[in-house]
Amino acid sequence: MRGSLLVDNIGELVTNDIGGEGGPLGIRRHAAVLVEDGQVAWVGPARDAPAADRRLDAEGGAVLPGFVDSHAHLVFAGDRAAEFAARMAGEPYTGGGIRTTVGATRAASDDELRDTVRRLRGEAMRQGTTTIEIKSGYGLTVADEARSLRIAAEFTEDTTFLGAHVVPAEYADRPDDYVGMVCGPMLAAAAPYARWIDVFCERGAFDVDHARAILACGQAVGLGLRVHANQLGPGPGVQLGVELGAASVDHCTHLTDADIDALASTGTTWVSGFEPTTVATLLPGAEFSTRSPYPDARRLLDAGATVALATDCNPGSSYTSSMPFCIALAVREMRMTPAEAVWAATAGGAAALRRNDVGRLARGARADLMILDAPSHLHLAYRPGVPLIRQVLHNGVPQCRL
Ligand SMILES: [Zn+2]
């Protein structure tokens with residue numbers, strides 16, 4: 001959108017600007033934000049605001065950076081509502097249902113997959129998500145992984161090759177051959193559309209040797225590293241991620257003291273500003289949807305690890321695109337403070353994607369922000385399930401009013 005836009009009459013401005021005052025969220029009162037050419041051009045006291053072509057009245061609502069959802073699986077077909085119902089009736093979650101979605105995804109047309117990504121991307125945007133990572137991982141053939149990423153790249157810069165999501169049925173008795181294919185022709189076909197590579201390092205998925213080999217192949221062609229780790233039980237995934245310098249290890253539901261020490265040793269973005277740490281990305285929607293114990297966020301935070309929150313939006317274990325829902329779970333079930341949860345859902349997600357242009361509102365950042373129908377960020381956890389997001393700006397462009 002051309003011209004400048006001044007957002008004012010803000011009840012509380014969350015900047016995540018740790019250089020200033022207002023705690024780790026960088027909260028400012030009586031502030032205004034000037035947006036120009038898709039970027040934040042100025043943040044300061046409303047009384048000093050520069051002239052602008054247009055004005056957006058926040059009507060006393062809180063203004064926050066757009067959410068950064070750093071973990072989502074949006075390229076798929078079909079749903080698994082019946083599996084969810086069976087689980088709620090007492091059946092355990094094993095991860096085996098991924099293969100159900102693989103079958104449906106392979107059978108779908110490009111346009112069907114594209115329509116699903118567009119629908120979920122829009123759903124997330126209306127709930128304040130302005131940056132979203134999108135993984136492949138339901139194709140699991142060379143052609144289907146490449147097309148999943150090609151479609152994902154139409155919607156985000158943060159695309160992740162997850163050919164190592166699960167060993168597909170046709171390779172069930174020869175996983176070494178599958179890993180060879182992931183590292184060979186599948187990676188070659190996927191890499192042009194991917195920024196990241198990810199592995200599901202878990203009992204029943206990929207063991208640590210396979211995970212290490214796959215991550216090394218991805219790193220060799222310039223992809224950044226992410227790991228699905230320690231979701232279903234303790235395991236080597238978190239420490240492998242730290243050892244290889246992964247941007248994020250995701251789930252972190254079952255951690256030993258050594259895992260926590262390893263994560264904390266990579267640094268604390270919360271207090272030190274942007275630096276390439278290995279972020280612990282917590283996905284409480286998965287624990288909610290599989291009725292599992294939640295990760296111990298307090299132990300991670302108190303040890304000094306950098307924590308992000310993301311949705312893990314996928315049709316099997318966490319079919320939510322709602323970051324406010326994840327914030328409410330983090331506060332209620334994982335004992336994060338509302339400020340820690342909001343930071344983790346914005347700046348934390350940006351750290352997990354090694355980006356400093358999103359997740360904060362300061363001069364030069366992308367003009368991605370939301371206006372709440374509430375005076376403070378506290379209401380995101382205090383009023384769960386309520387559509388509090390009145391307006392979203394993405395690249396400075398107001399999205400549809402709800
Ligand atoms: Zn996932």
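Biologist: Which exposed residues does α6 carry on the face turned away from its buried side?

Modeller: This is a predicted model, in which local features need pLDDT of at least 70 and side-chain atom pairs count only at pLDDT 80 or more, while totals for chains, interfaces and linings use all residues. Residues are numbered from 1 along each chain as its sequence is written, and side-chain values use heavy atoms, with hydrogens and water left out. Exposed means over 50% relative accessible area, buried under 20%, and partly exposed in between (1.4 Å probe, protein chains only). On the face of α6 turned away from its buried side, the exposed residues are D209 and A220.

Biologist: What arc around the axis do the buried residues of α6 cover?

Modeller: The buried residues of α6 are H210, A211, I214, L215 and G218. They are on the same side of α6 because the arc they cover is limited. With the arc taken from the directions from the helix axis to the C-beta atoms, its value is only 125°.

Biologist: How far does α6 reach from its first C-alpha to its last?

Modeller: Helices (H or I, at least four residues) and strands (E, at least two) are DSSP runs, numbered from the N terminus. The expected span of a helix is 1.5 Å times one less than its number of residues. For the 13 residues of α6 that gives 18 Å, and the model is close to this, with a reach of 18 Å.

Biologist: Which strands make a right-handed β-α-β unit with α6?

Modeller: A crossover is right-handed if, with the strands pointing away from the viewer, the path from the first strand over the helix to the second runs clockwise. Helix α7 (residues 237-244) sits in one such unit, with β12 and β13. For α6 (residues 208-220), the strands are β11 and β12.

Biologist: Over how many bridges do β11 and β12 pair?

Modeller: Two strands pair if DSSP finds at least two bridges between them. V199 stands opposite V227 in β12. The two strands run in the parallel sense, and the number of bridges is 6.

Biologist: How many residues of β12 are buried?

Modeller: Both faces of the strand are covered, with G224, R226 and H228 on one side and L225, V227 and A229 on the other. β12 (residues 224-229) is largely enclosed by the rest of the structure, because its buried residues number 6 of the 6.

Biologist: Which residues are the protein donors of the zinc ion?

Modeller: Donors are N, O and S atoms within 2.8 Å of the metal (3.2 Å for Na, K and Ca), and sites may look incomplete, as water is not among the atoms. The spacing of the donor residues in sequence is H-x1-H-x154-H-x83-D. Lying 2.1 to 2.4 Å from the zinc ion, the donors are H71 (NE2), H73 (NE2), H228 (NE2) and D312 (OD).

Biologist: How many residues apart are H73 and D312?

Modeller: H73 lies in the loop between β7 (67-69) and α1 (81-88), and D312 in the loop between β15 (307-309) and α12 (323-334). H73 and D312 are both buried. The pair links distant parts of the chain, with a separation in residues of 239.

Biologist: What is the relative accessibility of P192?

Modeller: P192 is in the loop between α5 (175-190) and β11 (196-201). P192 counts as exposed because its relative accessibility is 61%.
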